[in-house]
Amino acid sequence: MIIDTTELQYINSFSKLESLKEVYGTLWVLAPIFTLVLGITISVLAIVWLEREISAAIQQRIGPEYAGPLGVLQALSDGTKLLFKENLIPSRGDIRLFSIGPSISVISILISYSVIPFGYNFVLSDLNIGVFLWIAISSIAPIGLLMSGYGSNNKYSFLGGLRAAAQSISYEIPLTLCVLSISLLSNSLSTVDIVDAQSKYGFWGWNLWRQPIGLIVFLISSLAECERLPFDLPEAEEELVAGYQTEYSGIKFGLFYVASYLNLLISSLFVTVLYLGGSNISIPYIFDSGFFEINKAYGVFGTTIDIFITLAKTYLFLFVSITTRWTLPRLRMDQLLNLGWKFLLPISLGNLLLTTSSQLFSL
């Protein structure tokens, strides 16, 4: 059988075209993920810089000012320093648990960003159970902290890990009940559907007005989930040296540091999505809702405005969280558990009952 040279050229060009299509398809899948990770990294660096500047202003001191203009490169320089520091491992600790713990804490939080709608239909994965995926994934993070505390072979670290697990369980239940109330109002568990349901009535359709009690409980529970003051009992330096982080150094310590800010950012984004209308900003007498409706048809320009609006609302809650850290004193462990089980849990249950009753009567 004789094959013509032109046929061979056609076959080779076809195979090259198919391989290029495969490479292009792979890049098309990975590009949104890399873009999201890059945006998250820049946001974390911005949050660290904002916290240092705001805390300095509250305490009437200067704050970072030498690393870059206005000290914006201070967080980047700290991360670089931790990257080149030596990783110390306890000689009698469980090396596998000690090494895996920080990675579990970071990865479990990063996955939650895939269901956040940053703009109109601008989301990495629109799942039907988006909000409960976040709750399920975020419940894995305390397991990493418990593994780190146990693997360190240190009593302070182990107590910090136990506190982290107890605190997460105590405040995750009220948090879930608040999310369930929002899902009942929106008739969906998808984050995109929840934002769309709030945009139907503009500013007055935000769940902020329909769920004020749920918003307060959600804010308190999210602060406790992020282990921010006044709920930073798992790493209380006056009692436990540094809690579950005591034996860590170098990049592994840096992963815990990054995980705390990642958790704070994802909680702020969910406050925006669930209660503040997401990218909707049709405020009466200030912004014309028709302008932002028109932007939905203008591709990149409309998406950019949506992302800006979402991040503006997110950083508003971040400012509240940072200010709270430098304003309120730390609670005792018994006060923290009492607040979760004796106050927030009954209030969130009552809020869910009222929401369910109102939905039934409206049918």
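The backbone oxygen of Leu-345 lies 2.9 Å from a polar atom belonging to the side chain of Ser-348. This description rests on a predicted model, in which the protein chain has an average pLDDT of 82 and 86% of the residues score at least 70.

**Ser-348**
- Ser-348 belongs to helix H14, which covers residues 333-361.
- With a relative accessible area of 1%, Ser-348 counts as buried because that value falls under the 20% limit.
- When neighbours within four places in sequence are left aside, the residues in contact with Ser-348 are Pro-174, Leu-177, Cys-178 and Val-217.

**Lys-252**
- Lys-252 is placed in helix H11, made up of residues 250-275.
- Although Lys-252 is buried, it has no salt bridge, and the nearest side chain of opposite charge, that of Asp-94, is 11 Å away.

**Confidence**
- Within the protein chain, confidence is highest in helix H9 (residues 212-225), at a mean of 91, whereas helix H12 (residues 289-295) has the lowest, at a mean of 50.
- Where pLDDT is low, the predicted coordinates should not be read in detail.

Notes. Residues are numbered from 1 along each chain as its sequence is written. This is a predicted model: local features need pLDDT of at least 70, side-chain atom pairs count only at pLDDT 80 or more; totals for chains, interfaces and linings use all residues. Side-chain values use heavy atoms; hydrogens and water are left out. Helices (H or I, at least four residues) and strands (E, at least two) are DSSP runs, numbered from the N terminus. Buried means under 20% relative accessible area, exposed over 50%, partly exposed in between (1.4 Å probe, protein chains only). Lys and Arg count as positive and Asp and Glu as negative; His and the chain ends are not counted. A salt bridge is a side-chain nitrogen of Lys or Arg within 4 Å of a carboxyl oxygen of Asp or Glu. A polar contact is a pair of N or O atoms within 3.5 Å; within protein, one must be able to donate a hydrogen and the other to accept it, and residues adjacent in sequence count only if both atoms are side-chain atoms. Contact means heavy atoms within 4.5 Å. pLDDT is the predictor's confidence in each residue, from 0 to 100.
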